[in-house]
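Please open the structure in your viewer and keep the selection tool at hand. The tour below goes from stop to stop, saying what to select and what is there.

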Amino acid sequence: MAPADGEQVKKFWADLGLPGLIDVHTHFMPDRVLAKVWAYFDSAGPLIGRPWPITYRDEEDERLATLRAFGVRSFTSMLYPHKPGMAAWLNSWAAQFASRTPDCLHTATFFPEQDAKRYVYEAVDKGARVFKSHLQVGAYDPNDALLDPVWGLLAETGIPIVIHCGSGPAPARYTGPGPIGRLLVRHPSLRLIIAHMGMPEYSDFLDLAGRHPTVHLDTTMAFTDFSEATAPFPRAELPRLAHLGDRILLGTDFPNIPYPYLHALEALARLDLGDDWLRAVCHDNAARLFAL
Ligand SMILES: [Zn+2]
């Protein structure tokens, strides 16, 4: 990280009068899994489709130091399985990571499999505060019957779930507003956080948030030059973005982003929705949701 980066990010939140940032969508995972993710980004494979240089490709302790230098007070360790038999192991890693990283919200995940109920109950018992579900990489139906006890428990406990269910950067069989809309009809109180603002189906996911008061959206990669080039946010939706300002949460995809962290913040500021909106999105909404 260039030292100037940290100073500029700090100036951003200090100028808003905030005590720091809360970033609900950052990735920490076991080294060998992260290495595979990075290799995939390097290959610009079919789920990605274009060059994606990772800005913060550092050792774990250095990545943590970078987030702290930015003044990120709380963050997550988003991890997710791409196949069965992997989630329980990821969850045990994430529990350990959270126990040695007090500013990380204990994160967990799942996959539709027989064992899912057991390890999700266990993660919740151990204090998981947020879950991650990735319908693009996992390629599963959120309405799979094997997940019924999982959604039931998460609805009952009110634990938020960051869910990648939009069809960006590439569609998969169960991405898009349809499967998630059906899930919310069955479990209307789920506190879903739609990752990436539902990119590129922004309007459909704003509709969903309009229908379901427990649905939030995270800003991860949305509004940046990188995303605007291929999946521009429709300007006509800015009033709805303002209106839903108490349910939009800062997320960034740190460290796997092809631009500096500051750009994600500037991309929010240039929407011109005002300082109150920025304060809510960059800190206050997540502080309320996670009781921080
Ligand atoms: Zn992500």
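Predicted model: local features only at pLDDT ≥ 70, side-chain atom pairs only at ≥ 80, totals over all residues.

Residues are numbered from 1 along each chain as its sequence is written, and side-chain values use heavy atoms, with hydrogens and water left out.

**The cysteines**

Begin by selecting Cys 104, which is buried at 6% relative accessibility (buried means under 20% relative accessible area, exposed over 50%, and partly exposed in between, with a 1.4 Å probe and protein chains only). The closest cysteine sulfur to that of Cys 104 belongs to Cys 282 and is 19 Å away, too far for a bond. A disulfide is a pair of cysteine sulfur atoms within 2.5 Å, and the count by this rule is zero.

Now move to Cys 282, which lies in helix α13, residues 275-289 (helices are DSSP runs of H or I with at least four residues, numbered from the N terminus). Cys 282 is buried, with a relative accessible area of 0%. If you also select Asn 91, you will find its C-alpha atom 27 Å from that of Cys 282, although the two residues are 191 apart along the chain.

**The salt bridges**

Stay in helix α13 and select Arg 279 and Asp 276, which are three residues apart, about one turn of the helix. These two form a salt bridge with their closest N and O atoms 2.9 Å apart, where a salt bridge is a side-chain nitrogen of Lys or Arg within 4 Å of a carboxyl oxygen of Asp or Glu. Arg 279 is partly exposed at 23%, whereas Asp 276 is exposed at 60%.

Next, select Arg 235 and Glu 228, whose side chains meet in a salt bridge of 3.2 Å, N to O; Arg 235 is partly exposed at 47%, and Glu 228 is partly exposed at 21%.

Then select Asp 115, Arg 118, Glu 122 and Lys 126, which are linked in a network of salt bridges.

**The last stop**

Finally, select Asp 61, which lies in helix α3, residues 60-70, and is exposed with a relative accessible area of 56%.

How values were computed
Helix = DSSP H or I, 4+ residues; strand = E, 2+ residues; numbered from the N terminus.
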